[in-house]
Amino acid sequence: MASLLRLQALFSLRLATPRRLPSHLRCAAAVASPLPRRLPAAASNGSPEQRASETDLESGLYLVATPIGNLEDITLRALRVLKCAHVILSEDTRHSGKLLQHYNIKTPLLSFHKFNEREREPIILKRLHEGEAIAVISDAGTPGISDPGMELARLCATEKIPVIPIPGPSAAIAALSASGLPTEEFTFARLEVSAREAVTQIFYVPPHGIHQFLLDAASSFGDSRSCVIAREITKLHEEVVLQSPPV
């Protein structure tokens with residue numbers, strides 16, 4: 001428990017005085033060259049001429065992962081899908097508009113969030129049945145994972161509409177990779193059931209709740225577990241803080 005409480009005190013100071021990344025990691029995201037409006041079929045066989053003739057993005061729901069901070073962390077495939085889709089469903093159109101503007105993507109945005117997703121779903125399903133390609137993005141990371149999109153993906157699967165994941169950055173995996181903790185096994189679980197598990201565990205905690213979380217974790221896990229706090233992953237003040245148990 002003491003080690004977690006020490007980490008709480010240490011992280012309080014870190015939050016007040018964030019560490020700046022080296023200058024070579026703080027370069028502005030470069031503006032990408034304009035991409036083709038069309039997306040050739042990735043699995044197509046045949047000559048280059050045949051592949052180039054397959055110009056349409058296939059109909060379906062595309063779950064497109066977007067940057068979790070640094071705008072450079074987006075795949076070429078994601079950019080192509082966003083350019084080629086008929087419409088992009090966005091958790092926050094103002095937030096997503098900055099990403100699209102950065103990459104000169106002109107595809108229309110349609111708001112899609114927890115307050116209107118039930119209302120939007122019938123309209124979206126109709127458009128999908130009519131053959132449109134629709135992309136879904138969240139404010140950061142992969143849509144449908146703690147974000148809107150899960151229920152829509154389920155409905156599409158039920159109605160035999162293709163659901164295509166376009167993978168990208170993950171805050172949890174990025175933090176885990178830099179943590180130094182064991183990665184052979186890990187869980188993404190609730191605190192109250194995690195103290196009984198020996199494997200590495202991942203928790204998403206909002207900044208304003210980190211101190212209470214550490215107090216709760218200290219009482220649940222005791223003083224024998226290492227703890228890593230990662231914040232601002234891929235952003236200017238990215239930081240990974242480790243607290244090991246006493247020897």
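In what order do the strands of the open sheet lie? The order is β3-β2-β4-β1-β5, with 5 strands paired in parallel. Welcome to this predicted model, in which local features need pLDDT of at least 70 and side-chain atom pairs count only at pLDDT 80 or more, while totals for chains, interfaces and linings use all residues. Residues are numbered from 1 along each chain as its sequence is written, and side-chain values use heavy atoms, leaving out hydrogens and water.

**The sheet**

- Strands here are DSSP runs of E with at least two residues, and helices are runs of H or I with at least four residues, numbered from the N terminus.
- Two strands count as paired if DSSP finds at least two bridges between them.
- Strand β2 (residues 87–90) runs parallel to β3 and is joined to it by 3 bridges, with isoleucine 88 having leucine 109 as its bridge partner in β3.

**Strand β1**

- Buried means under 20% relative accessible area, exposed means over 50%, and partly exposed lies in between (1.4 Å probe, protein chains only).
- Strand β1 (residues 60–64) is largely enclosed by the rest of the structure, because 5 of its 5 residues are buried.
- Both faces of β1 are covered, with Gly60, Tyr62 and Val64 buried on one side and Leu61 and Leu63 buried on the other.
- On to its partners: β1 runs parallel to strand β4 (residues 133–137), with 4 bridges joining them, and leucine 63 stands opposite valine 136 in β4.
- Strand β5 (residues 163–166) also pairs with β1 in the parallel sense, over 4 bridges, and isoleucine 164 in β5 is the bridge partner of tyrosine 62.

**Helices across the sheet**

- Helix α3 (residues 76–84) lies across β1, β2, β4 and β5, and runs at about 135° to β5.
- Helix α4 (residues 93–102) lies across β2, β3 and β4, and runs at about 160° to β3.

**Nonpolar cores**

- A nonpolar core is a set of buried Ala, Val, Leu, Ile, Met, Phe, Trp, Tyr and Cys residues joined through side-chain atoms within 4.5 Å.
- The largest nonpolar core has 20 residues, and those with the most contacts inside it are Tyr62, Val64, Ile74, Val81, Leu82, Ala135 and Ile166.
- Two or more residues of this core come from each of β1, α3, α4, β4 and β5, and α3 gives the largest share, 5 residues.
- A second, separate core of 15 residues includes Leu63, Leu128, Leu152 and Leu155.
- Tyrosine 62 touches residues including Leu57, Val81, Ala135 and Ile166, not counting residues up to four places away in sequence; contact means heavy atoms within 4.5 Å.

**Salt bridges**

- A salt bridge is a side-chain nitrogen of Lys or Arg within 4 Å of a carboxyl oxygen of Asp or Glu, and the whole structure has 5 of them.
- Glutamate 130 and lysine 126 form a salt bridge, their closest N and O atoms being 2.5 Å apart, and both residues are exposed.
- Glutamate 132 pairs with arginine 127 in a salt bridge whose closest N and O atoms are 2.8 Å apart.
- Glutamate 132 counts as buried because its relative accessibility is 17%, whereas arginine 127, at 27%, counts as partly exposed.
- Arginine 231 and glutamate 239 meet through their side chains in a salt bridge (3.0 Å, N to O), and both are buried.

Notes:
Axes fitted to C-alpha atoms, helices over the stretch in contact; angles between N-to-C directions.
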